[in-house]
Amino acid sequence: MSQRPLPPRRTGRTARPGTRAPTGLTGLSDRAVTALTGRAITVAAARAAAPGGLRFTERQLYYETCRVLSPGPALLRRIPGTPAPVLRLPVFTRALEARGRETVPGLLPPPPAPRQRTDGSRADTSEPDLYDYGLPRLLLCQDRSIAGMLLANHVHLEAGCPVLAASDALPLDPRLVAALERAGGATVHVLHDASPSGVALPARVRAGLGAVPGVRVVSLGLVPRHAAALRLASGRGPAPGHAVLAARPAALRTREAQWLASGRFAQVAAVPPARLVRTVLRLTKGPRPPRDTLWSGLRGLRGTGFMTWPAA
């Protein structure tokens, strides 16, 4: 038997120092990865727009492309967890630029930067008569692009709820606070990432509001347990400092706090667009009114006295 050593195993192009090849795509050339990602983007765009031609952001398209490239068995998708993205963001960006952003139907442009007044404050772009009425609910989004996506899909019209980016709206305009107070029992919904800064955002909004009678601040998520239940792709950054971790909500479980302390995070953009729209509408509009049935209609007629003789 020959004693010659076996040749080394071929693994494709050698990765540059300090970089890591994307999981599931190791061994492919850059051109093949770009071509494969381009085809996955086409499929992902169709999935992100369904149903009804939804509009979506570039980051939402990135996470949908990751789901296309790593479908996984049905059993695995039901197991809670936060897997790492199968595709690195720079690889996706290069493939999207090679394809052309304008060729992707439904893809929203990047949100414009907030305009500034001459005194340095942000410009008020809302309707001037918005503050003349009571405002029963308000939605604040940590991500400006997600706020733009909800507006582009007319969520603010269907929910009867203004949608603002937290970075643009905080601190809240005193006239907006007065409109919330005027409605009586108003709710400020906060949509944020599962990250140290995200989970601390509702408390920051609550502190900025102060003691406003009848106005409550409610978190719509995400929190780490939501990300695990939905099996959202999560990233990893530097571990947050003790001051940041101290500002986390007391309702977080121990495992969630440890997950955040390790530098993990999951973005709202990782939620499939259709599911995000449905969830936001369900949580902001509140419970549905009971459906009318034959028996409820008969009870209503009996209560109105429809068979009684009219009074003279």
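Author: A salt bridge here is a side-chain nitrogen of Lys or Arg within 4 Å of a carboxyl oxygen of Asp or Glu. This is a predicted model, where local features need pLDDT of at least 70 and side-chain atom pairs count only at pLDDT 80 or more, while totals for chains, interfaces and linings use all residues. Residues are numbered from 1 along each chain as its sequence is written, and side-chain values use heavy atoms, with hydrogens and water left out.

Reader: How many salt bridges does the structure hold?

Author: Among them are E97 with R101, R144 with D168 and E256 with R225. The count for the structure is six.

Reader: Which residues are linked in a network of salt bridges?

Author: Start with E97 and R101, whose closest N and O atoms are 3.9 Å apart. For accessibility, buried means under 20% relative accessible area, exposed over 50% and partly exposed in between, with a 1.4 Å probe and protein chains only. E97 comes out partly exposed at 48%, and R101 is partly exposed too, at 32%. The network links E58, E97 and R101.

Reader: How many residues apart are R144 and D168?

Author: Their closest N and O atoms are 3.0 Å apart. Helices (H or I, at least four residues) and strands (E, at least two) are DSSP runs numbered from the N terminus. R144 sits in helix α5 and D168 in helix α7 (residues 166–169), so the pair links distant parts of the chain, the separation being 24 residues.

Reader: Is E256 buried or exposed?

Author: E256 meets R225 in a salt bridge at 2.6 Å, N to O. That pair ties helix α13 (residues 254–261) to helix α11 (residues 224–229). R225 is partly exposed at 32%. With a relative accessible area of 5%, E256 is buried.

Reader: What is the order of the strands in the open sheet?

Author: Two strands pair if DSSP finds at least two bridges between them. L140 has V190 as its bridge partner in β3 and stands opposite L164 in β2. The four strands go β2-β1-β3-β4.

Reader: Which are the edge strands?

Author: In the order β2-β1-β3-β4, the edge strands each pair on one side only. Four of the five residues of β1 are buried, so β1 is largely enclosed by the rest of the structure. The edge strands are β2 and β4 (215–221).

Reader: What angle does α5 make with β2?

Author: Axes are lines fitted to C-alpha atoms, for helices over the stretch in contact, and angles run from 0 to 180 degrees between N-to-C directions. Contact means heavy atoms within 4.5 Å. α5 lies across β1, β2 and β3, and its direction relative to β2 is about 160°.

Reader: Which residues of α5 are buried?

Author: α5 spans residues 144–152. What covers its buried residues includes α2 (58–69), α6 (155–159) and α14 (273–285), along with β1, β2 and β3. The buried ones are S145, I146, A147, M149 and L150.

Reader: Which residues touch the most other members of the largest nonpolar core?

Author: A nonpolar core is a set of buried Ala, Val, Leu, Ile, Met, Phe, Trp, Tyr and Cys residues joined through side-chain atoms within 4.5 Å. The largest has 54 residues, with helix α1 (residues 30–49) giving the most, seven residues. Beyond four places in sequence, the contacts of L139 include L150, L164 and L191. Touching the most other members are L61, L139, L150 and L191.

Reader: How far apart in space are R55 and L150?

Author: R55 is in the loop between α1 and α2, and is partly exposed at 32%. Among its contacts beyond four places in sequence are G106, M149 and A152. R55 and L150 are 95 residues apart in sequence, yet C-alpha to C-alpha the distance in space is 8.5 Å.
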